[in-house]
Amino acid sequence: MILILKGGVTDEQVDHVIERVEAMGLKAHLSRGTFRTIVGIIGDESKIVVESVRSIPGVAQVVPVLPPYKLASREAHPESSVIDVGGVKIGGGHIGMIAGPCSVEEEDRMHRIAEQVAKAGANIFRGGAYKPRTSPYAFQGLGEAGLKRLREVGDAHAMPVVTEVTDPRLVELVAEYADMLQVGARNMQNFALLNEVGASKRPVLLKRGMSATVTDLLMCAEYILSKGNPNVVLCERGVKGFDPATRNLFDVAAVPLVQQLSHLPIIVDPSHATGKPELIPACAMAGLAAGADGVHVEVHDCPEVAKSDGPQALLPEQYAELASQLKSLATLLGKTVSPLPEKTA
């Protein structure tokens with residue numbers, strides 16, 4: 001950590017700053033320039049209370065040298081992580097293809113959609129059993145019955161399944177059925193939930209909050225990692241912008257930025273980012289071209305009767321065309337779409 005001192009700082013103030021740093025059991029390295037005086041701090045940074053240091057007379061700015069997300073940082077883990085989700089790999093050149101309806105619905109419909117997306121190349125099936133909705137009167141999901149149905153469909157088509165967990169009290173239950181736990185955008189900073197999914201050891205899909213910075217996202221991943229769960233996949237799904245032309249603002253630059261800062265895989269969700277089926281293919285391709293480790297797309301065979309988010313879902317035939325394009329692009333980039341695990345008898 002570096003302390004930048006104010007212009008015109010006195011010798012007495014400099015000495016006091018050094019005394020305070022050394023009182024914390026750290027070493028202070030003084031550097032005087034023509035216009036600036038800098039104090040470098042060497043030692044265990046966990047002993048530093050940034051607010052206390054910033055309040056020392058003469059200190060203008062406190063600059064961390066290492067990022068605050070120690071476990072998620074590329075410095076702590078130079079090699080890119082590869083996360084295994086029920087036999088499907090994400091990261092390190094392995095592409096995850098997550099597809100399925102927004103919500104778990106009728107059994108026959110779930111089987112139809114799963115069969116079609118698997119045939120197209122999807123390797124993880126999605127569907128929400130618990131749905132955080134803006135309106136308390138909107139469809140909230142089928143609960144445990146939905147979890148059971150999602151598991152049965154996934155097993156029938158040899159696909160790992162991912163579903164959202166909305167409450168810390170539900171983590172253990174959802175983990176019984178799902179291969180991957182999704183923490184949605186609205187819950188990204190639900191720290192009690194992050195601690196619980198961190199303790200679960202199930203792979204976690206952590207979506208970026210609608211108003212969250214990249215640092216916010218990585219700090220939330222740090223909560224999960226700090227509880228001993230290294231299996232975190234990040235998701236860029238758009239942030240709130242000023243233009244209502246799309247549901248959210250698709251921040252494709254976040255993908256290479258996260259990969260520069262962190263070893264964790266990051267995928268893109270163009271369905272929630274755009275809210276418009278006609279924009280999803282282009283944004284999915286853009287995300288993969290920017291370096292994403294996977295693509296998350298909502299698919300429904302009859303969007304007009306979908307229980308949630310029907311207007312932004314692709315039809316199965318549209319998804320098949322997109323999946324074919326994504327496979328070709330992945331090959332061009334030297335990556336591979338992870339195959340489905342072998343069916344067991």
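1. Which residues line the largest cavity? They are Arg126, Gly127, Gly128, Lys131, Val162, Thr163, Glu164 and Gln182. A cavity is a set of points, on a 1 Å grid over the protein atoms alone, where a 1.4 Å probe fits but cannot get out; lining residues have an atom within 4 Å of a point.

2. The model is predicted: local features need pLDDT of at least 70, side-chain atom pairs count only at pLDDT 80 or more, and totals for chains, interfaces and linings use all residues. Residues are numbered from 1 along each chain as its sequence is written, and side-chain values use heavy atoms, with hydrogens and water left out.

3. The volume of the largest cavity is about 30 Å³, a volume being the space filled by probe spheres set on the points, which are joined across faces, edges and corners. Strand β9 (residues 161-164) gives the largest share of this lining, three residues; a strand is a DSSP run of E of at least two residues, numbered from the N terminus.

4. The largest pocket holds about 310 Å³ of space. Of its 18 lining residues, Pro132, Arg186, Arg247, His272 and Asp309 are the closest to its centre. A pocket is an open set of points with protein on both sides within 12 Å along at least five of seven lines.

5. The structure has zero disulfides, a disulfide being a pair of cysteine sulfur atoms within 2.5 Å. For Cys302, the nearest cysteine sulfur, in Cys102, is 15 Å away.

Methods
Helices (H or I, at least four residues) and strands (E, at least two) are DSSP runs, numbered from the N terminus.
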